[in-house]
Amino acid sequence: MSVAVYGNAIDDRDADAAPVAVAVPEPASPPPVPMTPARAAIYMASSVLLFLTQGLGMNLLNANIYQLQGSLSATTTEIAWLSAAYMAPYASMSIALFKIRSQFGLRPFAELSIICFVIASILNLFVSDLHSAIVVRFLSGMAAAPLSTLGFLYMLEAFPPARKLSLGLSLALLNTTLSAPLARIISPSLMELGGWHALYTFEMGLALIALPVVYLLPLTAPPRAKVIQKMDILSYLLLATGFGCLAVFLTLGRLYWWFEAPWLGLLLACSITALTVMVVIELPRKMPLIDMRWLFTRENMHMAGILLLFRVVSSEQTTTAANFYMQLGLLNEQTQTMYSIILLASIAGGLVCAVLMMTRYVETAHVLALVLIAAGAFLDSQSTSLTRPEQMYFSQSMVAAGAAMFLPPVMSKGFAAVLAKGVPYIVNFLVIFLFTQSIGALCAQAALGTFVTIREKFHSSVLVEHILLTNPFVAQRVSQLSGSYGKVITDKALLDAEGLQLLGQQITREANILAYNDAFLVIFIASSIGLALLLGHLAWSRLIRPVIDVPAAATSS
């Protein structure tokens with residue numbers, strides 16, 4: 001999901017409220033002219049195109065990370081550097097883009113952004129090895145953030161102000177869920193055409209289609225304001241360094257293992273140092289880039305907790321289930337139908353949430369989302385080595401629909417609260433959202449991946465304890481497995497050793513499946529706890545608190 005999108009979009013829409021730095025307020029803009037249905041549909045389609053252009057650039061790599069090892073002559077660990085290079089700048093670009101767009105104008109920002117993305121897409125075609133791919137992915141991460149912002153702005157442009165934070169927000173967030181399943185659906189055909197270059201030729205084609213869209217369809221431009229101060233540049237560079245180092249640490253830590261590579265510790269230390277220095281600089285400033293005191297208020301911490309919970313439970317599908325399929329030896333060709341169902345379920349969940357957002361039953365979307373994710377994760381926790389995509393159609397569609405319904409209510413409430421404080425506070429909201437979504441997603445992936453590795457070792461040790469050749473069932477199984485080599489290996493000891501090796505591979509596979517079942521169960525427990533807390537909060541705010549407040553009001557009067 002794009003982190004750059006959300007705060008930027010709302011800022012552009014409401015930037016007519018002059019920031020604190022502007023001495024003379026801008027004149028009030030005239031009321032917006034209602035857009036015709038046909039023109040609104042064009043803007044909505046343009047939003048989908050821009051979201052897919054940005055999202056597929058990121059997800060095509062994640063969907064084919066094992067297949068691309070041959071194209072780039074890299075190992076699994078080395079290929080992961082491509083994701084780390086992409087996320088390092090992407091994790092914090094939204095804050096800089098917010099300031100740049102506010103000061104220099106929306107139109108130049110939009111035109112320059114799409115040109116930069118087209119250039120980054122073209123550079124992918126010149127990749128010849130891992131090192132050049134890492135450099136290009138770093139540049140692509142920088143270019144992708146503004147493109148996703150434009151996708152969000154085009155969706156909001158199609159709706160009147162009264163619908164922007166409800167229907168417009170829901171549909172924009174729905175668009176962010178489409179690229180991940182779509183990347184796995186179209187990947188097999190693209191890989192057959194030419195591997196890496198075919199994938200990113202497709203991305204370049206989408207970028208070239210989006211280029212005239214940005215130039216031909218203008219967005220409502222808010223007034224410009226001088227919002228960039230000299231100290232903002234230093235603070236942002238420290239924040240970008242901290243978030244970037246943390247993103248690389250979380251992406252690669254599980255693969256190199258946390259305590260085995262000394263440079264991982266240096267990255268973490270660099271991240272903590274940069275963020276600490278940034279906080280020390282920002283605290284005494286009268287007009288800080290980030291208001292630390294407001295950032296750590298109770299309401300913001302509550303919202304951050306909800307957003308982190310979303311990243312954890314939504315990783316059931318985006319990370320844990322995808323890795324589970326790889327462990328079973330399933331390629332994208334075998335999962336195309338399942339991801340098509342996931343895509344349809346995401347669209348259905350997003351549309352249901354959009355309907356609920358226009359009613360007074362907004363919290364119902366949260367309850368339904370957690371119920372669906374918890375139920376789907378519990379069903380997935382019963383998987384075996386014989387489980388195939390057909391057995392997971394129902395559970396994965398539940399998770400997809402739940403994930404599409406979870407985020408819009410939180411974002412709508414958060415944006416409304418921030419806009420009530422004023423446009424300058426959008427930067428502070430961006431920090432919360434960036435940390436919980438980009439960094440939070442990496443934390444969830446790292447934590448669940450580490451959990452799976454630890455549990456695999458545990459299950460392997462338990463299973464190996466019972467593998468004794470004195471056990472007649474074990475001896476029979478070893479004999480069956482080694483039977484296929486009986487015609488080429490005549491030595492009995494070597495034949496038994498070959499059988500034991502094959503049995504060990506099966507044990508490792510079963511241990512991995514049990515570990516992934518444990519991870520699915522953890523996500524089920526997390527979703528259930530979140531559901532219980534949500535129901536408790538709703539019961540307090542709607543049933544108990546009004547009863548307590550009525551006698552208190554009567555006493556005071």
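**Exercise 1. Start from the network of salt bridges that links D232, E282 and R285, and work out which parts of the chain the D232 pair ties together.**

Solution. Bear in mind that this is a predicted model.

Step 1: look at the pair itself. D232 makes a salt bridge with R285, and their closest N and O atoms sit 3.0 Å apart. The cut-off is 4 Å between a Lys or Arg side-chain nitrogen and a carboxyl oxygen of Asp or Glu, so this pair passes.

Step 2: D232 belongs to helix α10 (residues 230-256), while R285 is in the loop between α11 (262-282) and α12 (292-295), so the bridge ties together parts that are 53 residues apart in sequence.

Step 3: check the cover. Both D232 and R285 are buried.

**Exercise 2. Take the salt bridges K457 with E456 and R509 with E510, and sort each residue as buried, partly exposed or exposed.**

Solution. A quick reminder first: side chains of opposite charge can pair when their charged atoms come close.

Step 1: get the distances. K457 and E456 meet at 3.7 Å, N to O. For R509 and E510 the N to O figure is 3.3 Å.

Step 2: recall the cut-offs. Buried is under 20% relative accessible area and exposed is over 50%, with partly exposed in between.

Step 3: apply them to K457 and E456. K457 has 55%, so it goes down as exposed. E456 has 9%, so it is buried.

Step 4: do R509 and E510. R509 comes in at 35%, which means partly exposed. E510 has 26%, so it is partly exposed too.

**Exercise 3. Describe the course of helices α8 and α14, then say how covered α8 is.**

Solution. 

Step 1: compare span with expectation. α8 (residues 161-175) has 15 residues and reaches 20 Å from first C-alpha to last, close to the expected 21 Å. α14 (residues 332-357) has 26 residues and spans 35 Å, close to the expected 38 Å.

Step 2: look for bends. α8 bends by about 40 degrees at L167. In α14 there's a bend of about 35 degrees at M338.

Step 3: judge the cover of α8. This helix is mostly covered, with 11 of its 15 residues buried.

**Exercise 4. Find where A400 sits and what it touches.**

Solution. 

Step 1: locate it. A400 is part of helix α16 (residues 393-421).

Step 2: A400 has a relative accessibility of 2%, so it counts as buried.

Step 3: list the contacts. Leaving out residues up to four places away in sequence, A400 touches Q317, I342, A345 and S346.

Step 4: compare sequence with space. A400 and T318 are 82 residues apart in sequence, yet their C-alphas are 9.4 Å apart.

Note on methods. Residues are numbered from 1 along each chain as its sequence is written. This is a predicted model: local features need pLDDT of at least 70, side-chain atom pairs count only at pLDDT 80 or more; totals for chains, interfaces and linings use all residues. Side-chain values use heavy atoms; hydrogens and water are left out. Helices (H or I, at least four residues) and strands (E, at least two) are DSSP runs, numbered from the N terminus. The expected span of a helix is 1.5 Å times one less than its number of residues. The bend at a residue is the angle between axes fitted to the seven residues ending there and the seven starting there. Buried means under 20% relative accessible area, exposed over 50%, partly exposed in between (1.4 Å probe, protein chains only). Contact means heavy atoms within 4.5 Å.
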